[in-house]
Amino acid sequence: MKIIIADNYEEMSIKAANIVAEQIKLKPSSSLGLATGGTPVGMYQSLIKMYENGEISFKDITTYNLDEYIGLPENHEQSYRYFMDNNLFNHIDIDKSKTNVPNGNINEGQADAEAKRYDKLISNAEIDLQVLGIGGNGHIGFNEPCDIFNKNVFAVKLTENTIKANSRFFNDISEVPKMAITMGIKSIMMAKKIILLASGKEKSEIIKATIQGNITPKVPASVLQLHRNVTFVLDKEAASLL
Ligand code: GLP
């Protein structure tokens, strides 16, 4: 397990972007697993700059996003598809047909079928590099704390903690979807290489539990201790309790 500690958010973003850029240069046809949330936005901005400077090209890259809310159309400002288009895909030379996000424009009754479809896709994907953020309760993707590690892509009921945390992006907490589709822990652990980004004091306790605590599904990210090639890219504040 590697830990990189940056001075601040900007530096964390650049260091993470450098790891992704290295992967793209090494293998221009890489499959990348991508994450949403506030944390990776700076990394995506750095990657866009590198593309604009001619340092990297995404034209042969395929992407697979971790998760998506159920019940939001693609053009909803809080859907993860919209997030990815606006924060990355619309600004680079990627072939949009090679960008995969679970389809969230479904009702809860259709969720299991969509999870199955996405699972098949992920199982055949061979992700070279998976980018992760982390929820305050230790979730990765939308693998919420629970009694067992979920394996494959599945439809999940979000915890109150997550609904509350993510309500900052919506007008009202009642608008936050109650369910999502997410890669499971096995889908994530299959990636050849993983980087997890975390920034800010609010993440310091969960980062300590993830890296130095017991491996338990109560802290889903703690399973990363078992991965053979994982790098935590943290800013000083997120790393402050290590
Ligand atoms: C969401 C996403 C996660 C993300 C987490 C943290 O719930 N499903 O993939 O890691 O939020 O978000 P943030 O980076 O905004 O703290």
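1. The side chain of His139 has an N or O atom 3.0 Å from an oxygen atom of the ligand. Thr39 also contributes its side chain: a polar atom there lies 2.4 Å from a ligand oxygen atom. Gly38 uses its backbone, with a polar atom 2.7 Å from an oxygen atom of the ligand. Taken alone, the ligand exposes 390 Å², and the protein buries 93% of that. These areas come from the Shrake-Rupley method with a 1.4 Å probe; for residues, only the protein chains shown count as cover.

2. Basis of the note. This is a predicted model, in which local features need pLDDT of at least 70 and side-chain atom pairs count only at pLDDT 80 or more, while totals for chains, interfaces and linings use all residues. Residues are numbered from 1 along each chain as its sequence is written, and side-chain values use heavy atoms, with hydrogens and water left out.

3. Which residues come nearest to the ligand? Of the 13 residues around the ligand, they are Gly38, Thr39, Asp67, Arg168 and Lys203. A residue counts as near when one of its heavy atoms lies within 4 Å.

4. An open sheet is formed by 7 strands in the order 1-10-9-6-2-3-5, and the pairing is parallel. The edges are strand 1 (2-6) and strand 5 (99-100), each of which pairs on one side only. Helices (H or I, at least four residues) and strands (E, at least two) are DSSP runs, numbered from the N terminus. Two strands pair if DSSP finds at least two bridges between them.

5. Strand 9. How enclosed is this strand, and why? Strand 9 (residues 193-198) is largely enclosed by the rest of the structure, because 5 of its 6 residues are buried. Buried means under 20% relative accessible area, exposed over 50%, and partly exposed in between (1.4 Å probe, protein chains only). Strand 6 (residues 129-132) pairs with strand 9 in the parallel sense over 4 bridges. Leu129 stands opposite Lys193 there, and Val131 has Ile195 as its bridge partner. Strand 10 (residues 230-235) runs parallel to strand 9 and is joined to it by 5 bridges. Ile195 is bridged to Thr231 in strand 10.

6. Strand 2. Strand 2 (residues 31-34) is covered on both faces: Ser31 and Gly33 are buried on one side, Leu32 and Leu34 on the other. In a regular strand the side chains alternate between the two faces of the sheet. Strand 2 pairs with strand 3 (residues 62-65) in the parallel sense over 4 bridges. With strand 6 it runs parallel and is joined by 2 bridges. Gly33 has a partner in each neighbour: Tyr64 in strand 3 and Gln130 in strand 6.

7. Crossovers. Strand 2, helix 2 and strand 3 make a right-handed β-α-β unit. Strand 9, helix 7 (residues 204-212) and strand 10 make a right-handed unit of this kind too. Right-handed means that, with the strands pointing away from the viewer, the path from the first strand over the helix to the second runs clockwise.

8. Helix 2. Gln45 sits in helix 2 (residues 41-52). Its relative accessibility is 46%, so Gln45 counts as partly exposed. Gln45 and Leu158 are 113 residues apart along the chain, and their C-alpha atoms are separated by 28 Å.

9. Rings of Phe, Tyr and Trp (its six-membered ring) pair if their centres lie within 6.5 Å; planes under 30 degrees apart count as stacked, over 60 as edge-to-face and the rest as tilted. The count by this rule is 4 aromatic pairs. Tyr69 and Phe142 form a tilted pair, 5.6 Å centre to centre with 45° between the planes. Tyr69 lies in strand 4 (residues 67-69) and Phe142 in the loop between strand 6 and strand 7 (154-157), so this pair ties together parts 73 residues apart in sequence. Tyr69 is buried at 1% relative accessibility, and Phe142 is buried with a relative accessible area of 1%. Tyr69 also pairs with Phe170: the centres are 5.9 Å apart and the planes at 80°, so the pair is edge-to-face. Phe170 lies in the loop between helix 5 (160-166) and strand 8 (179-182), so its pair with Tyr69 in strand 4 links parts 101 residues apart in sequence. Tyr69, Tyr80, Phe142 and Phe170 form one aromatic cluster.

Methods:
A polar contact is a pair of N or O atoms within 3.5 Å; within protein, one must be able to donate a hydrogen and the other to accept it, and residues adjacent in sequence count only if both atoms are side-chain atoms.
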